[in-house]
Amino acid sequence: QVLLVESGGGEVQAGGSLRLACAASGFSFSSSRMEWFRQAPGKEREFVARISYGGYTISYAESVKGRFTISRDNAKNMVFLQMDRLEPEDTAVYYCARAKTINPGDGYYWGQGTQVTVSS
């Protein structure tokens, strides 16, 4: 049973930082690409960052590039999202995700999400 549990959200002023963590279990974490998504109120869920199983290939949404850093610790089955220079537009529920298969159309396993609120 795939289980993803996010933590580290909270409220911060614009320009501040937060570090999100996702603890994973129930699958071969060290063989899995991991991703972060977010969903703001009234908007669709959107991609934020992705990291390959070995951590060598990383990609970001343009809106967070240069401010957010994704990383992973395969020994601890955890993936992280360091968020710096936060902006009010970053306010959203952040989700850790793992694709169900190599086919993107097959969907994702999701965590319960963690709320990030950035005040101006």
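This is a predicted model: local features need pLDDT of at least 70, side-chain atom pairs count only at pLDDT 80 or more; totals for chains, interfaces and linings use all residues.
Visitor: What makes cysteine 22 and cysteine 96 a disulfide?

Guide: Their sulfur atoms sit 2.2 Å apart. A disulfide is a pair of cysteine sulfur atoms within 2.5 Å, so this pair qualifies. Residues are numbered from 1 along each chain as its sequence is written, and side-chain values use heavy atoms, with hydrogens and water left out.

Visitor: How many disulfides does the structure hold, and which hand does the link of cysteine 22 and cysteine 96 have?

Guide: There is one disulfide. The angle about the S-S bond is -75°, and the link is left-handed.

Visitor: What does the pair of cysteine 22 and cysteine 96 tie together?

Guide: Cysteine 22 lies in strand E3 and cysteine 96 in strand E9, so parts 74 residues apart in sequence are joined. Strands (E, at least two residues) and helices (H or I, at least four) are DSSP runs, numbered from the N terminus.

Visitor: Is cysteine 22 buried or exposed, and what about cysteine 96?

Guide: Buried means under 20% relative accessible area, exposed means over 50%, and partly exposed is in between (1.4 Å probe, protein chains only). Cysteine 22 comes out at 0%, so it counts as buried. Cysteine 96 is buried too, with 0%.

Visitor: Which residues have the most contacts inside the largest nonpolar core?

Guide: They are Trp36, Val79, Leu81, Met83 and Tyr94, in a core of 27 residues. The largest share, four residues, comes from E3. By nonpolar core I mean a set of buried Ala, Val, Leu, Ile, Met, Phe, Trp, Tyr and Cys residues joined through side-chain atoms within 4.5 Å.

Visitor: What is valine 79 in contact with?

Guide: Contact means heavy atoms within 4.5 Å. Leaving aside neighbours within four places in sequence, the partners of valine 79 include Cys22, Trp36 and Cys96. Methionine 78, in strand E8, touches residues including Cys22, Phe29 and Arg72, again not counting those up to four places away.

Visitor: Why is the pair of tyrosine 95 and tryptophan 110 called edge-to-face?

Guide: Rings of Phe, Tyr and Trp (its six-membered ring) pair if their centres lie within 6.5 Å; planes under 30 degrees apart are stacked, over 60 edge-to-face, and the rest tilted. Here the centres are 6.1 Å apart and the planes stand at 80°, so edge-to-face it is. The pair links distant parts of the chain, with tyrosine 95 in strand E9 and tryptophan 110 in strand E10, 15 residues apart.

Visitor: Why is the pair of tyrosine 108 and tryptophan 110 called tilted?

Guide: Their ring centres are 5.3 Å apart and the planes are at 45°, so the label is tilted.

Visitor: Why is arginine 67 called buried, and what does its side chain reach?

Guide: Its relative accessible area is 7%, so the buried label applies. The side chain reaches the backbone oxygen of serine 63 at 2.9 Å. Arginine 67 is found in the loop between strand E6 and E7.

Visitor: Why is asparagine 77 called partly exposed?

Guide: Because its relative accessibility is 25%, asparagine 77 falls in that class. The residue lies in the loop between E7 and E8 and has a positive phi of about 55° although it is not a glycine. Arginine 85, in the loop between E8 and E9, has a positive phi as well, about 50°.

How values were computed
A polar contact is a pair of N or O atoms within 3.5 Å; within protein, one must be able to donate a hydrogen and the other to accept it, and residues adjacent in sequence count only if both atoms are side-chain atoms.
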